[in-house]
Amino acid sequence: MAFPHRPDAPELPDFSMLKRLARDQLIYLLEQLPGKKDLFIEADLMSPLDRIANVSILKQHEVDKLYKVENKPALSSNEQLCFLVRPRIKNMRYVASLVNADKLAGRTRKYKVIFSPQKFHACEMVLEEEGVFGDVSCDEWAFSLLPLDVDLLSMELPEFFRDYFLEGDQRWINTVAQALHLLSTLYGPFPNCYGIGRCSKMSYELWRKLEEEEDGETKGRRPEIGHIFLLDRDVDFVTALCSQVVYEGLVDDTFRIKCGSVDFGPEVTSSDRSLKVLLNAEDKVFSEIRNEHFSNVFGFLSQKARNLQAQYDRRRGMDIKQMKNFVSQELKGLKQEHRLLSVHIGACESIMKKKTKQDFQELIKTEHALLEGFNIRESTSYIEEHIDRQVSPIESLRLMCLLSITENGLIPKDYRSLKTQYLQSYGPEHLLTFSNLRRAGLLTEQAPGDTLTAVESKVSKLVTDKAAGKITDAFSSLAKKSNFRALSKKLNLIPRVDGEYDLKVPRDMAYVFSGAYVPLSCRLIEQVLERRSWQGLDEVVRLLNCGELAFTDMTKEDKASSESLRLILVVFLGGCTFSEISALRFLGREKGYRFIFLTTAVTNSARLMEAMSEVKA
């Protein structure tokens, strides 16, 4: 049932080293304030910190009390205060207010701010403006690679998506380049590099610069990882907007997996307590169902339960010696498996309850119709009904964006009517969200784009030099067309199926969307790997609006072993979904590759929409 890897599949590198490095660096920073100190931690750094250094490790290094950074005065009586924060202006104002309150009260203490993953000049400027720059020492904890699983690294920067793809803010590119540099320092150079998208290109160039500055560090090292892919999220919005139907994706959509673990409430645990469960390859039950289509999961779990019962029943005919062996060797494992099994069965039941409530079948049918370009009118009325029934503001937005991208923008009449209905149903405060979605190219209307391309072609006929390129660039950013239909045909994203699609024995990556659609991002990776470059994909690259932004960099070094050439690192800038991870794991199993994933954060359709929304949930 689980994906067994081919016997010849390459071994994955050991990423526990990244955790050790991060922990040692943090301890080093804490010890620069010798003696007792209180630690203030920003809320969204708590989960990553917990995976690296738990409370007992912090206590060993004289951290006395832990506080959450929040907008209220600190009650700490300690003489030394340490702040572990993201480089955000509001955090600097918070630190400054504490320091200034102490000054007013005539207290002198030591203050240290540790920025993670890096320090920005703007933060120091704020401390200076507030008049406390001299009282605070600043440092950075360059922690940007958290191993969430054996094949998944996350930078835990959910804000990357909005900062870059909406605000055009490039400050995290340096963090990405540093992370790639660290990986190549630890695991050897990457002989083959491919990328697509503006952000990928900038990250790649900056990373190469870092490598040149420290030339010689990776020279002569054998590469452990043969290929690396860099992919911008806006190259493929469609996949991220679809409902997930593989088990891990569904758990994320339903309960929100945060930093590799999930909080299952009483409805799953059937007790009055919530349970925090770490979801990774060490959970034997989960690792067998995580990549499976949800329709197969229940059958698998009940079979597993029967097997487990049979193993328990074996003890009936045992003599004392066998019983002793059974208790000392097997019982603990069985109990552990039993506990995990009941948790996942509870999760499945809870998902099924929630999904039938939402008429999940209808929803999936509409999504498939949008992907295939059928029954657009019916799908539009389904979305209108969704809005009128006020099912959920985030869901309604997601469906509108999916309609817009698959249709290459909405016709003005539909755009105006859907927008009006949405604002009337959910409130006028969502008006700014529409402006954001439009700017990011997620929800657009057709007319201006069409006239632009006409102007654009006239301009480029008149002027053929570089300037024309700049003008066309300016135009195309105004009307970034998704060209989804054309891409779908070119890359064969909608599989032709004779009869039923067998979800038990999937034949291609489309199984992660019930056989209806192969994720565009994953298909691109598959195609480039086959060709070992973007050659022959010129038309696809043009349709993706990435003419200048697709690159291939092959080194002529022969050091890469055939083992390392089957190991592929895929970097998603702006987030990646569990559906894409499952699809590529499947591809790897079919072709004898192993994929490793590095993402700025794990995302799903709701997180994408929330990042664009101006109305905080």
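Guide: Two strands are taken to pair if DSSP finds at least two bridges between them. On that basis this predicted model contains an open sheet of seven strands with mixed pairing, in the order β6-β7-β14-β13-β9-β8-β12. Its edges are formed by β6, residues 146–149, and β12, residues 550–554, each of which pairs on one side only. On average, and with direction ignored, neighbouring strands of the sheet are turned by 20° against each other. Within the sheet, β8 (residues 192–196) and β9 (residues 227–232) run parallel and are joined by five bridges. In this pair, Cys 193 has Ile 228 of β9 as its bridge partner.

The axes of α17 (residues 393–406) and α26 (residues 605–612) come within 9 Å and cross at roughly 95°, which makes α17 roughly perpendicular to α26. Here Ile 394, Leu 397, Arg 398 and Cys 401 of α17 meet Ser 605, Ala 606, Met 609 and Glu 610 of α26. By class, five of the residues in this contact are nonpolar, one is polar and two are charged.

For α10 (residues 247–255) and α14 (residues 320–357), the axes come within 11 Å and cross at roughly 65°. The crossing of α10 past α14 is left-handed. On the α10 side the contact involves Tyr 247, Leu 250, Val 251, Thr 254 and Phe 255; on the α14 side, the residues include His 344, Ala 347, Cys 348 and Ile 351. The classes in this contact are seven nonpolar, three polar and two charged residues.

Note on methods: Residues numbered from 1 in each chain as written. Predicted model: local features only at pLDDT ≥ 70, side-chain atom pairs only at ≥ 80, totals over all residues. Heavy atoms only, no water. Helix = DSSP H or I, 4+ residues; strand = E, 2+ residues; numbered from the N terminus. Axes fitted to C-alpha atoms, helices over the stretch in contact; angles between N-to-C directions. Parallel < 35°, antiparallel > 145°, perpendicular 65-115°, else oblique. Contact = heavy atoms within 4.5 Å. Nonpolar A, V, L, I, M, F, W, Y, C, P; charged D, E, K, R; others polar. Left-handed = near helix turned anticlockwise from the far one by under 90°.
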